[in-house]
Amino acid sequence: MSGLRVVLYLMGLLWTFMGVAIIADVFMAAIEKVTSKKIRLWDKKTARYYTFEVWNATVANLTLMALGSSAPEILLNVIDIFAKNFYLEGLGPGTIVGSAAFNLLMIIAVCIVAIPNGEIRMIK
């Protein structure tokens, strides 16, 4: 009986992860659609049209991804505040601050470790 529970649990977990992956893929495709918008402007001096990107795609994608990754903590705190009639206790702002600090420090650490020694990369 225990083996069946483990198999069912792992199948449910895999199904949940697949659902999150599909939703994240759809969400990122929508972000890229919004951030890839371009405009054409007429230059009177050169008498030509020029195409400009409205968004910096990298910055827009990273910003929206950061908002999306912080959404669970923010929603959890909002629900907690409403459930306790606006009395802050337990989770509170410390959860958001702690999570944001951890995410920021881990992202910086991974960026530093990912670049090989002696190699320099710059954003153009």
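How accessible is F52: buried, partly exposed or exposed? Here are some friendly notes, starting from that residue.

1. **Ground rules.** This is a predicted model, in which local features need pLDDT of at least 70, side-chain atom pairs count only at pLDDT 80 or more, and totals for chains, interfaces and linings use all residues. Residues are numbered from 1 along each chain as its sequence is written, and side-chain values use heavy atoms, with hydrogens and water left out.

2. **F52.** This residue has a relative accessibility of 42%, so F52 counts as partly exposed; the class lies between buried (under 20% relative accessible area) and exposed (over 50%), with a 1.4 Å probe and protein chains only. F52 belongs to strand 2. Strands (E, at least two residues) and helices (H or I, at least four) are DSSP runs, numbered from the N terminus.

3. Strand 1 and strand 2 run antiparallel and are joined by 6 bridges; strands pair if DSSP finds at least two bridges between them. W42 has Y49 of strand 2 as its bridge partner. In a regular strand the side chains alternate between the two faces of the sheet.

4. **The aromatic pair.** What does a search of the whole structure find in the way of aromatic pairs? There is 1 aromatic pair. The ring centres of W42 and Y49 are 4.7 Å apart and their planes stand at 70 degrees, so this pair is edge-to-face. Rings of Phe, Tyr and Trp (its six-membered ring) pair if their centres lie within 6.5 Å; planes over 60 degrees apart are edge-to-face, under 30 stacked and the rest tilted. W42 is partly exposed at 47% relative accessibility, and Y49 is partly exposed at 48%.

5. **R40 and Y49.** R40 lies over the face of Y49, at 4.3 Å from the ring centre. The criterion is NZ of Lys or CZ of Arg within 6 Å of the ring centre and within 35 degrees of the ring normal.

6. **A47 in the turn.** The hairpin has 4 residues between its strands, and A47 takes a positive phi near 55 degrees there. Most residues other than glycine have a negative phi. A47 is partly exposed, with a relative accessible area of 47%.

7. **Farther along.** L75 is in helix 2 (residues 57-83) and is exposed, with a relative accessible area of 53%. G118 follows helix 3 (92-114) and is exposed at 84%.
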